[in-house]
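Here's a quick look at a ligand site and some helix packing. Have the viewer open while you read.

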Amino acid sequence: EKGGYEHFMLKEIHEQPEAIRDTYRGRLLANEGIIRMAGIDDNIEKFTQADKITIVACGTSWHAGLVAEYIFEDLARIPVEVEYASEFRYRNPVITNKDVVIAISQSGETADTLAAIKLAKQNGAFVFGVCNVVGSSIARETHAGAYTHAGPEIGVASTKAFTTQITVLTLIALKLAKVKGNMSNSDFHHHLQELELIPEKIEKALKADAHIQIVAKQYKDAKNSLYLGRGYNFPVALEGALKLKEISYIHAEGYPAAEMKHGPIALIDEQMPVYVIAVNNPHYGKVVSNIEEIKSRSGKIIGIVTEGDEEVKELADHVIEVPNTLESLTPLLTTIPLQLLSYHIAVMLDRNVDQPRNLAKSVTVE
Ligand code: M6R
């Protein structure tokens with residue numbers, strides 16, 4: 001049942017190329033320059049006329065929502081708020097019939113997310129679900145939706161659900177960008193082609209596994225870890241930290257790289273591994289400066305960089321490469337080494353990787 005892998009988590013990490021292909025099959029027609037998604041096509045005006053989109057979710061699904069915020073605002077120019085479902089439901093949020101609410105949930109059974117949906121519906125919003133489990137409560141409670149088609153995810157630590165959620169949300173954002181006239185035909189085509197190439201680029205990123213094991217061995221005994229990223233990769237930093245916390249029980253925090261100097265930089269010493277996502281994009285130079293700040297305080301730097309990177313390689317203690325892609329698609333690649341790293345650290349520490357203590361696969365109580 002684990003397909004020859006030692007744990008479900010490792011199997012599911014390796015399933016991501018195929019899972020993403022399953023997500024976009026029949027929806028992404030790169031050669032024709034078309035995105036086809038019934039749940040969006042049938043409700044297109046709800047999205048294009050919405051005052052704003054509010055995304056509600058928990059945990060890793062909330063991180064996927066944060067990535068979506070960047071892509072929706074950047075490409076489709078629709079204002080987005082991302083809310084923890086548990087806060088949204090008790091906050092008396094300003095939601096009207098001119099709002100679209102997107103609920104993201106792997107299991108489709110998360111109690112707080114379900115309650116947030118009910119509240120949004122009472123306020124007249126159009127509610128769209130992004131779920132993995134077919135026929136789940138959230139899939140049934142929403143007005144329309146798009147399944148991720150990732151296949152069953154058994155490991156408590158979410159991996160392929162995250163990247164397929166981002167894939168669905170990217171398809172939606174691209175579709176809306178096109179319909180709203182925010183994107184030129186050539187730019188749109190380019191995005192579709194690059195998205196289609198993501199599975200093979202993930203296959204390549206997975207090949208860094210042996211090197212990642214060396215890094216894992218070196219930092220597995222650290223008591224704390226920091227994860228930093230900017231822009232599209234800030235949510236990936238949060239997700240990297242969550243993965244490490246939940247399966248290895250090492251305290252970790254994710255931060256926007258520039259927030260370092262507002263507090264967390266005080267934590268840095270020679271014991272502190274800092275995982276910095278420093279891929280090729282407009283923020284690269286800024287991230288390099290952040291790396292220099294860490295280095296001058298003797299922090300250990302592990303850079304997640306674009307293939308062929310030179311500058312970070314000079315500064316960092318280790319670099320892990322991912323293939324080049326469009327900035328908006330980088331989270332789909334930078335997430336991969338961070339998943340593998342948490343996995344290997346947890347295995348080396350002899351943790352129960354697939355069923356970490358105190359955690360359940362779906363949180364059906366608030
Ligand atoms: O099934 P859901 O996507 O609604 O679950 C949300 C969170 O409980 C879930 O992502 C949790 O944070 C995972 N254990 C993270 O790996």
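Axes here are lines fitted to C-alpha atoms, for helices over the stretch in contact, and angles run from 0 to 180 degrees between N-to-C directions. Helices are DSSP runs (H or I, at least four residues), numbered from the N terminus. This is a predicted model, where local features need pLDDT of at least 70, side-chain atom pairs count only at pLDDT 80 or more, and totals for chains, interfaces and linings use all residues. Residues are numbered from 1 along each chain as its sequence is written, and side-chain values use heavy atoms, with hydrogens and water left out.

Start with helix H5 (residues 59–76) and helix H12 (residues 234–248): their axes sit 8 Å apart at an angle of about 170°. So H5 runs roughly antiparallel to H12 (an angle over 145 degrees). In contact terms (heavy atoms within 4.5 Å), H5 brings residues including Trp62, Leu66 and Tyr70, and H12 brings Phe234 and Leu238, among them.

| Side chain | Distance to a ligand oxygen atom |
|---|---|
| Ser105 | 2.6 Å |
| Ser107 | 2.7 Å |
| Glu246 | 2.3 Å |

Taken alone, the ligand exposes 410 Å², and the protein buries 91% of that (Shrake-Rupley areas, 1.4 Å probe).

How values were computed
Helices (H or I, at least four residues) and strands (E, at least two) are DSSP runs, numbered from the N terminus. Angles under 35 degrees count as roughly parallel, over 145 as roughly antiparallel, 65 to 115 as roughly perpendicular and the rest as oblique. A polar contact is a pair of N or O atoms within 3.5 Å; within protein, one must be able to donate a hydrogen and the other to accept it, and residues adjacent in sequence count only if both atoms are side-chain atoms.
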